Amino acid sequence: MIWTSCYGHWRWFPEVCIRAAVSLQVPKESSFDIHIKPFAPTWELVQLGKSKEDKIRWTREYLALLDSRESASIAAQKLKEMSLKGKKIVLLCWEADHLDCHRRLLAKWIEVGWGMEIPELQKNEIIMEEE
């Protein structure tokens with residue numbers, strides 16, 4: 001199973017989860033297992049995303065960036081393989097609200113391209129440890 005969440009919530013996740021950073025930069029104090037740089041937006045897209053006026057352009061440009069990066073497709077395929085083997089993965093970035101964040105678009109891009117639903121992990125949800 002794969003979820004998305006933000007760095008502010010990384011302490012919720014049990015050690016059984018793979019914490020995967022999907023942002024351009026990562027917080028120094030957080031603990032994550034892998035940094036999937038092909039999923040990160042460019043700095044220009046980060047700045048464009050802060051502008052509330054042009055969300056359509058921001059959405060279109062981020063999805064086009066993912067489509068243009070062969071490494072993003074390879075990373076998505078690897079995530080799918082890991083998930084099918086029972087790995088629990090949380091894709092992390094900075095934005096607290098996933099509705100204003102590239103991770104929502106990333107989750108949809110993976111869902112459409114690789115057939116995996118990737119929900120946002122809610123604060124009250126618990127990821128169960130392996131038995």
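# Cores and ring pairs in a predicted model

Visitor: Which residues have the most contacts inside the largest nonpolar core?

Guide: F39, L91, L106, W109 and I110, in a core of 28 residues. This is a predicted model, where local features need pLDDT of at least 70, side-chain atom pairs count only at pLDDT 80 or more, and totals for chains, interfaces and linings use all residues. Residues are numbered from 1 along each chain as its sequence is written, and side-chain values use heavy atoms, with hydrogens and water left out.

Visitor: What makes a set of residues a nonpolar core?

Guide: Its members are buried Ala, Val, Leu, Ile, Met, Phe, Trp, Tyr and Cys residues, joined through side-chain atoms within 4.5 Å. Helices (H or I, at least four residues) and strands (E, at least two) are DSSP runs, numbered from the N terminus. A second, separate core has nine residues, including W10, F13, V90 and L121.

Visitor: Why is Y7 called buried?

Guide: Buried means under 20% relative accessible area, exposed over 50%, partly exposed in between (1.4 Å probe, protein chains only). Y7 has 5% relative accessibility, so Y7 counts as buried.

Visitor: Why is the pair of Y7 and W94 called edge-to-face?

Guide: Rings of Phe, Tyr and Trp (its six-membered ring) pair if their centres lie within 6.5 Å; planes under 30 degrees apart count as stacked, over 60 as edge-to-face and the rest as tilted. Here the centres are 5.2 Å apart and the planes stand at 75 degrees, so the pair is edge-to-face. Y7 and W94 are 87 residues apart.

Visitor: What makes F39 and W109 a pair, and of which kind?

Guide: Their ring centres are 6.4 Å apart and their planes at 75 degrees, so this pair is edge-to-face. F39 lies in the loop between β3 (34-35) and α1, W109 in helix α4, so the pair ties together parts 70 residues apart in sequence. Both residues are buried. Ring pairs link F39, W109 and W114 into a cluster.

Visitor: How do you know that the charged end of K55 sits over the ring of W58?

Guide: The rule asks for NZ of Lys or CZ of Arg within 6 Å of the ring centre and within 35 degrees of the ring normal. The charged end of K55 is 4.5 Å from the centre of the W58 ring, and sits over that ring.

Visitor: Which residues of helix α1 are buried, and why do they line one face?

Guide: L45, L48 and G49 are buried in α1 (residues 43-50). Seen down the axis, the buried residues fall within an arc of 100 degrees (taken from the directions from the helix axis to the C-beta atoms), so they line one face of the helix.
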